[in-house]
Amino acid sequence: MSPSSKGAPSDRRARAEQLKAEREAAARASERRTRLLIAVAVVAAIALVAVAVVVTQSSTGENAPVPTGVEAPDGGAPYGEASAAVVMDEWVDFSCPACKTFNENLAPTINGLVESGELQVYYHPLSFLGAGSVRAANAFGCAVDEGVTHEYYDALFTIQESSSDPFTDENLVALGEEIGIEGESFAGCVNGGDYDGWVSNVAASQLDNGVTGTPTIFLNGELVDLPDFTPESLLAAIEDAS
């Protein structure tokens, strides 16, 4: 047997041992990479959770942004002077047909009483009739910031029956332009759903405030029944509450 033949098994064993060492080294390197990737993923997940918590806290619950003049996370938007003898809390859903009738019949009387200083109104926009109601309520909050609280409130009911989906962001922005809102801040607020958290909070407070349907009216904290939605019945109720 030639010297080269005698050395072949030794060479193969050496090569096998070398390959084994290379595989073990590669496995260790792979394990290190895996541990590193897991650590990075855990850190990233923690960071994402932290961001989500911050975003959630800033947009819902007690930390929800509220429109100008709203004093609580679930409070109503004020219209009129705080010195008024009678305070009206008005709970409506902008998609509610009865609320539209209520507004058409009584808005002129309510607005006149507010302008004379006899009445202050707190608007509580509810949103139980679908996504359109949520968008309308959010847009109303955006309009409050623009100083057109009752103008936009009343205008929302004029488009309630304009289509099968009247309260799109596009329509809500256009409605604001129609009543004189200028600039990009209103559109950004509407499209961004800036007051969705406030809208959710108002909805969550409904039952705690004794509201089971819309429209619901309170005068100086007392529930008022206005079945016929006439100015005469409203004026009589305000007289009783004074």
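Visitor: Where is Asn 220 found?
Guide: Asn 220 is in the loop between β4 and β5 (222-224). Strands here are DSSP E runs of at least two residues, while helices are H or I runs of at least four, both numbered from the N terminus.

Visitor: Before I get lost, what kind of model is this?
Guide: It's a predicted model, where local features need pLDDT of at least 70, side-chain atom pairs count only at pLDDT 80 or more, and totals for chains, interfaces and linings use all residues. Residues are numbered from 1 along each chain as its sequence is written, and side-chain values use heavy atoms, leaving out hydrogens and water.

Visitor: How do β4 and β5 pair, parallel or antiparallel?
Guide: Antiparallel, over three bridges. Two strands count as paired if DSSP finds at least two bridges between them. In this pair, Leu 219 stands opposite Glu 222 in β5.

Visitor: What about the two faces of β4, are they covered or open?
Guide: Both are covered. Thr 216 and Phe 218 are buried on one side, and Ile 217 and Leu 219 are buried on the other.

Visitor: Which peptide bond is cis?
Guide: The one joining Thr 214 and Pro 215, with omega at about -5°. Pro 215 is in the loop between α7 (196-204) and β4 (216-219).

Visitor: Switching topic. How does β2 pair with β4?
Guide: They run antiparallel, with four bridges. Glu 90, for instance, has Ile 217 in β4 as its bridge partner. β2 also pairs with strand β3 (residues 119-126), this time in the parallel sense and over eight bridges. There, Val 92 stands opposite Pro 125 in β3.

Visitor: Is β2 enclosed or open, and why?
Guide: Seven of its eight residues are buried, so β2 is largely enclosed by the rest of the structure.

Visitor: Which residues does Asp 93 touch?
Guide: Asp 93, which is in β2 (residues 86-93), touches Cys 99, Leu 126, Ser 127, Phe 128, Leu 129, Ser 133, Phe 157 and Thr 214, leaving aside residues up to four places away in sequence. A contact means heavy atoms within 4.5 Å. Thr 214 is the residue from that cis bond.

Visitor: How far away is the nearest opposite charge?
Guide: That's the side chain of Arg 135, 11 Å away. Asp 93 is buried yet has no salt bridge, meaning a side-chain nitrogen of Lys or Arg within 4 Å of a carboxyl oxygen of Asp or Glu. A polar atom of the Asp 93 side chain does lie 3.2 Å from the backbone nitrogen of Leu 129.

Visitor: Now a different Asp. Where is Asp 145?
Guide: In helix α3 (residues 131-145). Asp 145 counts as partly exposed, at 33% relative accessibility. Leaving out residues up to four places away in sequence, Asp 145 touches Pro 67, Thr 68 and Tyr 195.

Visitor: How far apart are Asp 145 and Val 66?
Guide: Their C-alpha atoms are separated by 9.4 Å, although the two are 79 residues apart along the chain.

Visitor: And Phe 229, is it buried or exposed?
Guide: Phe 229 counts as buried because its relative accessibility is 17%. Phe 229 is in the loop between β5 and α8 (231-241), and its phi is near 55°, a positive value in a residue other than glycine.

Visitor: Big picture: how many helices and strands does the chain have?
Guide: Eight helices and five strands, in the order α-β-β-α-β-α-α-α-α-α-β-β-α along the sequence. Of the 242 residues in the chain, 38% are buried.

Visitor: What share of contacts join residues at least 24 apart?
Guide: It's 74%, among contacts between residues at least 6 apart in sequence.

Definitions and conventions
Buried means under 20% relative accessible area, exposed over 50%, partly exposed in between (1.4 Å probe, protein chains only). Lys and Arg count as positive and Asp and Glu as negative; His and the chain ends are not counted. A polar contact is a pair of N or O atoms within 3.5 Å; within protein, one must be able to donate a hydrogen and the other to accept it, and residues adjacent in sequence count only if both atoms are side-chain atoms.
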